[in-house]
Amino acid sequence: MEFAIAAVIFLLIFLNGATDACGSIATAVCSGALSLRRGAILCGVCNGIGGLCGVWLFDGIGESVLSAWNFGTSDEIGVLTSLTVTVLFALIAWIVALPTSESHALLAAAAGASAALSGNGSVFSALLPSLLWMSLCVLAGAVAGTFLPQFLPLKLRPAAVRRWQIVSAGASSFLHGVQDLSKFCAFLSLVGVSAHHPALLLFGAGIMGIGSLCGGRRMTDAVGDALAELRPRPALAADLACDVALLALSLGGIPASTTHTKTAAVAAAAAVSPHCKIHKSQFLRCVAAWVVTFPICAALGYYLSLIFSAAL
């Protein structure tokens, strides 16, 4: 069972790099400040550093995750179910190039598994924490994306904008590591696997960076050019807005989604910036994906945990 869980978690980390982590570098890549290759390297390095900091300095995120659900006496089955559902959902999202969040899928799947394994049949009550957390992500990203473009210096030179975009992309990747690697470590701790070792965290970050390099172009475009036409200045504002929102949520110990936060920040920055355009069809696809993630992943988590319980 432990081998299966380890295999699934590393597959999830790889897919996380291809789907979720690359959202942190999307605007910098699409606006030309970074190539995808350099962005993927930056993403992997900063995610590793963020993961190290996250499990030690932002332990409230893991505590929030662990306190939200109860798998009864079947922690291993609950963890395996949650990870398996998230891998399947992430793979489908990558195939259709739809910006979804592994955090969102993981938390929803865990809620469904918790309702099935704990004897508490109310999936909705188990979903409430996730609903609140994901709503806060969207709200924080949208608010920050609306107001930050107004505070950027008007005379900021193009070269300075590009440099700050790279810095901001690194900060987004760092905060993504703080968030997602902290969640993965919390789930592994339920089955007695210590994921706090620096070498293991850096290895996971390396796999995430490889995932971004191998499959990140589809999601980078989906969160960047396909979502909105942003000039470098509003693109920088969107990045900074995402950073501010993610930092505030992380300091509050709130499990957050980088994809949700970045998408909301990009859409808001495009809406308030002149000569920028939101592609409404792509934005509505993103919102629809967020809405269906909860019922689909929760239902899969509920029924798959029952199947695993009967089979294992």
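This is a predicted model: local features need pLDDT of at least 70, side-chain atom pairs count only at pLDDT 80 or more; totals for chains, interfaces and linings use all residues.
Reader: Happy to start with helices α6 and α12: at what angle do they pack, and are they parallel, perpendicular or oblique to each other?
Author: Good place to begin! Helix α6 covers residues 102-117 and helix α12 covers residues 280-311, and their axes lie 7 Å apart. The packing angle is about 45 degrees. Angles under 35 degrees count as roughly parallel and 65 to 115 as roughly perpendicular, so α6 and α12 are oblique.

Reader: Which residues meet there, and how many of them are charged?
Author: On the α6 side you will find, among them, His-104, Ala-105, Ala-108 and Gly-112. Their partners in α12 include Trp-290, Phe-294, Tyr-302 and Ser-309. By class, the contact has 13 nonpolar and six polar residues, and the number of charged ones is no residues at all: none.

Reader: How is α6 oriented relative to α7, parallel or antiparallel?
Author: The axes of α6 and helix α7 (residues 123-147) come within 8 Å of each other. They cross at roughly 160 degrees. Because angles over 145 count this way, α6 is, relative to α7, roughly antiparallel.

Reader: And which residues of α7 make that contact with α6?
Author: From α6, the contact uses His-104, Leu-107, Ala-108, Ala-111, Gly-112 and Ala-115. The contact residues divide into nine nonpolar, three polar and no charged. The α7 side consists of Val-123, Ala-126, Leu-127, Ser-130, Trp-133 and Met-134.

Reader: Let's move to α8 and α10: is their crossing left-handed or right-handed?
Author: Helix α8 spans residues 158-189 and helix α10 spans residues 232-251, with axes 9 Å apart. Their angle is about 25 degrees, which makes α8 roughly parallel to α10. As for handedness, the crossing of α8 and α10 is left-handed.

Reader: How many charged residues does the contact of α8 with α10 have?
Author: From α8 come residues including Trp-164, Gln-165 and Leu-175. In α10, Arg-233, Asp-239 and Asp-243 are among the residues they meet. The class count gives 13 nonpolar and five polar residues, and the charged ones number three.

Notes
Residues are numbered from 1 along each chain as its sequence is written. Side-chain values use heavy atoms; hydrogens and water are left out. Axes are lines fitted to C-alpha atoms, for helices over the stretch in contact, and angles run from 0 to 180 degrees between N-to-C directions. Helices (H or I, at least four residues) and strands (E, at least two) are DSSP runs, numbered from the N terminus. Contact means heavy atoms within 4.5 Å. Ala, Val, Leu, Ile, Met, Phe, Trp, Tyr, Cys and Pro count as nonpolar, Asp, Glu, Lys and Arg as charged, and the others, Gly among them, as polar. A crossing is left-handed if the near helix is turned anticlockwise from the far one by less than a right angle, and right-handed if clockwise.
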